[in-house]
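Me: I am new to this structure and would like to be walked through it with care. Could the main points be set out as questions and answers?

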Amino acid sequence: MKALLIALTWTALNWVSSDSPAKIIANTQSDAAINSGVSPDAQQARQTVVSFLTWYKNHIQEANRSPLVNQTGGKPYSVNLKNGERYLTYLKSSQLLTDAYLNQWRTFFKERQAGFRQSPQSEGPPTGFDYDLVMLNQDVDMQFAELKSLKMGKVVISNNKATVGFTLLDVYEFRLVRQNGRWLINEILNQSQE
């Protein structure tokens, strides 16, 4: 019995020592000011944000495996719409994003394709694709290295909408909607880059 208890304790400690959502939530909510007076809805909205950030950190390489822009030497750039769909399907597998969020990126890909046709580009970083499309900056590796020290901000709930603020090197606002009893991310704003 004692050996089983030790094994279970060791397993739990190893799990919590990783960048698990439970650990990140525990770290970000250890401040008494954050914990006091936070509604269950606000806690669930925060959990959705932390779960997504953790998921994305663990899956960013796979999500970005297929190039979104065709860059063949000497030819104008073009958006690879098939890879764009693969990218969005992979993000959707997190089960934490709304279809509206994903559709905004579909529209972006089509607009950028039209932009490349109107103003051909064949050198330098492709316009609109020189940053991480989820975190909306170029320092995503540095951000995820700091994920354990995520600083959660204010959560505002209004009917079936929530806004969750946090700082992860940059200041963010995630806008969520409640669908089928779950909070899902509907929009991501990097307020430091605006």
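Predicted model: local features only at pLDDT ≥ 70, side-chain atom pairs only at ≥ 80, totals over all residues.

Me: How many helices and strands does the chain have, and in which pattern do they follow one another?
Reply: Helices (H or I, at least four residues) and strands (E, at least two) are taken as DSSP runs, numbered from the N terminus. Counted this way, the chain holds 7 helices and 6 strands. Along the sequence they follow the pattern α-α-α-α-β-β-α-α-α-β-β-β-β.

Me: What percentage of the residues in the chain is buried?
Reply: A residue is called buried under 20% relative accessible area, exposed over 50%, and partly exposed in between, using a 1.4 Å probe and protein chains only. Of the 194 residues in the chain, the buried share is 41%.

Me: Which residues of helix H6 are buried, and why can they be said to line one face?
Reply: The buried residues of H6 are Tyr101, Leu102, Trp105, Phe108, Phe109, Arg112, Gln113, Gly115 and Phe116. Seen down the helix axis, these buried residues fall within an arc of 160 degrees (taken from the directions from the axis to the C-beta atoms), so they line one face of H6. On the other side of H6, the exposed residues are Lys110, Glu111, Arg117 and Gln118.

Me: Which elements do the buried residues of H6 pack against?
Reply: Packing is judged here by contact, which means heavy atoms within 4.5 Å. By that rule, the partners of the buried residues of H6 are strand E1 (69-70), strand E2 (78-79), helix H5 (81-92) and strand E6 (182-190).

Me: Is Asn190 buried or exposed, and which side chain does its own side chain meet in a polar contact?
Reply: Asn190 has its place in strand E6, and with a relative accessible area of 3% it is buried. A polar contact is a pair of N or O atoms within 3.5 Å; within protein, one must be able to donate a hydrogen and the other to accept it, and residues adjacent in sequence count only if both atoms are side-chain atoms. At 3.2 Å, the side chain of Asn190 makes such a contact with the side chain of Tyr172.

Me: Which residue forms a salt bridge with Arg178?
Reply: A salt bridge is a side-chain nitrogen of Lys or Arg within 4 Å of a carboxyl oxygen of Asp or Glu, and by this rule the count comes to 6. With N and O 2.9 Å apart, the side chain of Arg178 meets that of Asp41. The pair links distant parts of the chain, 137 residues apart, with Arg178 in strand E5 (residues 170-179) and its partner in helix H4 being Asp41.

Me: Which residues are linked with Arg175 in a network of salt bridges?
Reply: The side chains of Arg175 and Glu173 meet in a salt bridge at 2.7 Å, N to O. Arg175 also forms a salt bridge with Glu187, the closest N and O atoms being 3.3 Å apart, and this pair joins strand E5 to strand E6. Linked with Arg175 in the network are therefore Glu173 and Glu187.

Technical notes: Residues numbered from 1 in each chain as written. Heavy atoms only, no water.
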